[in-house]
Amino acid sequence: METRKKLTIKEIAGLANVSVGTVSRVLNGRPGVSPETRARVLEVVRTQGFVPNAAARELVGQSTAVGLLLAPGVRRYTPYFTLLLEALSEEVWRLGLRVMEVATDTRGLPLEKARAYLLLGAHDHDPRIETLRKDNVPFVLIGCYPGTFWVAPDDEEGGYKATRHLLELGHRDIAHLTGHLHHQAGRERLLGYKRALLEAGLTWRPELVLDGNFDALHAYRAVRRAWEGGLRFSALFAASDEMALGAWAALEDLGLHVPADVSLVGYDDLPEVGERLTTIHQDIPTIAREAVRLLREALQRKSPYGKRVPVHLVPRGSTARREVE
């Protein structure tokens with residue numbers, strides 16, 4: 001019986017028409033490779049029977065791989081995602097497994113098999129959840145979805161605390177920059193904003209809710225467009241630190257000062273992103289730890305349940321008491 005010659009990584013790269021570095025990233029489950037390219041490399045690996053090391057064995061056999069599934073539209077290269085991925089990788093490693101981002105189709109469904117999955121970016125009628133349930137595959141959602149194993153920051157409470165802080169400083173015209181409202185995090189932070197206003201006896205005004213798309217550039221454009229269109233507010237709560245920084249830049253370009261003219265609150269408390277920013281802190285290491293604890297229970301086929309991780313306000317220099325003229 002003829003033994004198939006073992007191919008080198010360089011030869012795999014040639015067959016897949018990619019660089020050696022791209023093959024290395026795929027075999028080690030690292031980000032930075034498009035789903036199409038990753039699938040092409042893996043197809044060459046499978047058809048050639050190439051198993052160069054433990055990492056590749058995991059990709060081919062999926063014996064210890066935990067797949068990371070991002071919902072369509074979720075941006076990979078953000079400070080929040082980087083911190084969360086690092087924390088998840090460390091916690092999963094302690095479980096004797098490893099995290100790899102798997103290729104997906106346009107609906108976010110996995111094109112590669114894994115022992116279990118971690119899902120990011122929960123949204124309404126999420127096909128990933130129904131498909132994995134149907135296939136009886138263990139998974140944990142970082143977000144909130146009834147009837148699943150899930151873990152999430154207490155986003156409604158975070159939105160409430162951010163808005164309540166501004167109300168206590170005397171602000172009444174408070175704008176809100178939202179994220180994706182079909183995603184749980186953006187929707188719940190908006191609910192917290194509304195709850196604080198209603199508790200204070202104020203009616204929330206739809207025109208003060210601006211779509212920031214969880215993105216600094218979108219936030220910049222939304223704030224500038226609203227202000228130049230005549231909308232006025234003395235404070236703004238952004239549903240992420242990135243959006244808060246985009247809003248801050250827009251306000252400065254409009255000739256306004258934070259917090260003298262407009263007080264500003266963010267959400268996440270990301271290192272180096274929000275150093276001067278009053279923000280809501282979410283505990284990313286605890287979220288990762290709870291996700292992997294739930295993953296262990298999912299692998300043991302226990303009954304699913306969810307976990308809320310508390311958040312708290314971190315006052316810094318971007319908010320101030322409203323001066324009544």
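Me: Where does Pro259 lie?
Reply: Pro259 lies in the loop between α10 and β9. Helices (H or I, at least four residues) and strands (E, at least two) are DSSP runs, numbered from the N terminus. The model is predicted: local features need pLDDT of at least 70, side-chain atom pairs count only at pLDDT 80 or more, and totals for chains, interfaces and linings use all residues. Residues are numbered from 1 along each chain as its sequence is written, and side-chain values use heavy atoms, without hydrogens and water.

Me: What kind of peptide bond joins Val258 and Pro259?
Reply: That bond is cis, with omega about 5 degrees.

Me: New topic: which residues touch the most other members of the largest nonpolar core?
Reply: They are Leu177, Val223, Phe233, Leu236 and Leu264, in a core of 42 residues. Such a core is a set of buried Ala, Val, Leu, Ile, Met, Phe, Trp, Tyr and Cys residues joined through side-chain atoms within 4.5 Å. Buried means under 20% relative accessible area, exposed over 50%, and partly exposed in between (1.4 Å probe, protein chains only).

Me: Which element gives the most to this core?
Reply: α10 does, with 6 residues.

Me: And what does Leu236 touch?
Reply: Leaving out residues up to four places away in sequence, its contacts include Leu166, Val223 and Val265. Contact means heavy atoms within 4.5 Å.

Me: Where is Asp269, and what is its phi?
Reply: Asp269 lies in the loop between β9 and β10 (278–282). Its phi is near 60 degrees, a positive value in a residue other than glycine.

Me: Is Asp269 buried or exposed?
Reply: Asp269 is buried, with a relative accessible area of 16%.
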